[in-house]
Amino acid sequence: MLNKKYLKLKTEIIIYDNKIHILIDLLRFRLKWTFKELKEILFNSHINGAFTDKNDKIIILMYNIKLKCREEDSYLILFHTISTLYHEIRHSYQRVNNPFKWCKGRMAYVSEGDGYIQQWTEKDAYGFGNMMFDRYLNKICDILFEKENVK
Ligand SMILES: [Zn+2]
């Protein structure tokens with residue numbers, strides 16, 4: 001469900017179900033986060049995921065996504081996860097295919113408030129995420145329901 005250009009990206013995707021694993025990986029991979037970034041990742045429950053360019057990793061914070069959905073709405077959790085993945089993959093793509101704009105955006109990055117959504121990097125990533133989610137929703141449902149029928 002992604003164009004060839006995306007398949008060339010070397011970015012690793014890690015899904016975290018709890019904060020302890022982030023701390024373990026922090027030591028294991030020597031993740032290059034600043035203290036401010038780490039604080040955001042651990043304590044800002046609005047963050048569903050992030051592309052950390054210095055580490056070339058996409059992290060998905062399942063525990064924050066789960067906070068936004070009721071446990072019985074497991075499909076909603078999966079939908080949030082998939083759209084977050086598309087969003088973060090687009091950031092990885094921006095860095096490789098539009099490095100100048102990416103760097104410019106990184107240098108003056110606004111992490112909250114009105115300024116956040118007005119940035120080119122975010123507008124583009126949300127646009128891409130929504131477009132891909134709409135385009136493949138049928139296929140995504142087929143895969144999810146097929147899995148359920150097999151059980
Ligand atoms: Zn983003």
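Author: First, a term: helices (H or I, at least four residues) and strands (E, at least two) are DSSP runs, numbered from the N terminus. By that rule W120 belongs to helix α8, residues 120-150. Keep in mind that this is a predicted model, where local features need pLDDT of at least 70 and side-chain atom pairs count only at pLDDT 80 or more, while totals for chains, interfaces and linings use all residues. Numbering starts from 1 along each chain as its sequence is written.

Now the overall layout. The protein has eight helices and three strands, and from the N terminus the elements go α-β-α-α-β-β-α-α-α-α-α. Along the principal axes, the C-alpha atoms fill a box of roughly 45 × 35 × 30 Å.

On to the sheet. It is open, its three strands are ordered β1-β3-β2, and the pairing is mixed; two strands count as paired if DSSP finds at least two bridges between them. β1 (12-16) and β2 (49-52) are at the edges with a single partner strand each, so one side of each has no neighbour in the sheet. On average, neighbouring strands are turned by 15° against each other, direction ignored; axes here are lines fitted to C-alpha atoms, for helices over the stretch in contact, and angles run from 0 to 180 degrees between N-to-C directions.

Take the β1 side to begin with. β1 pairs with β3 (residues 57-61) in the parallel sense, over five bridges. Within that pairing, E12 has K57 as its bridge partner, and I13 has I58.

How enclosed is β3? Four of its five residues are buried, so β3 is largely enclosed by the rest of the structure. Buried means that 20 or more other C-beta atoms lie within 10 Å of a residue's own; exposed means 12 or fewer, partly exposed is in between, and C-beta atoms are placed from the backbone. Across the protein, buried residues make up 19% of the 151 residues.

That brings us to the nonpolar core, meaning a set of buried Ala, Val, Leu, Ile, Met, Phe, Trp, Tyr and Cys residues joined through C-beta atoms within 7 Å. The largest one has 14 residues, and those with the most contacts inside it are I58, I59, I60, L85, Y86 and I89. β2, β3 and α5 are the elements that give two or more residues to this core, and the largest share, five residues, comes from α5. As a general point, nonpolar side chains in soluble globular proteins tend to be buried together.

Leaving out residues up to four places away in sequence, Y86 touches F128, G129, M132 and F133; a contact means C-beta atoms, placed from the backbone, within 7 Å.

Finally, back to W120. With 13 C-beta neighbours inside 10 Å, W120 counts as partly exposed. Beyond its neighbours within four places in sequence, W120 is in contact with K101 and G105.

Methods: Contact = placed C-beta atoms within 7 Å.
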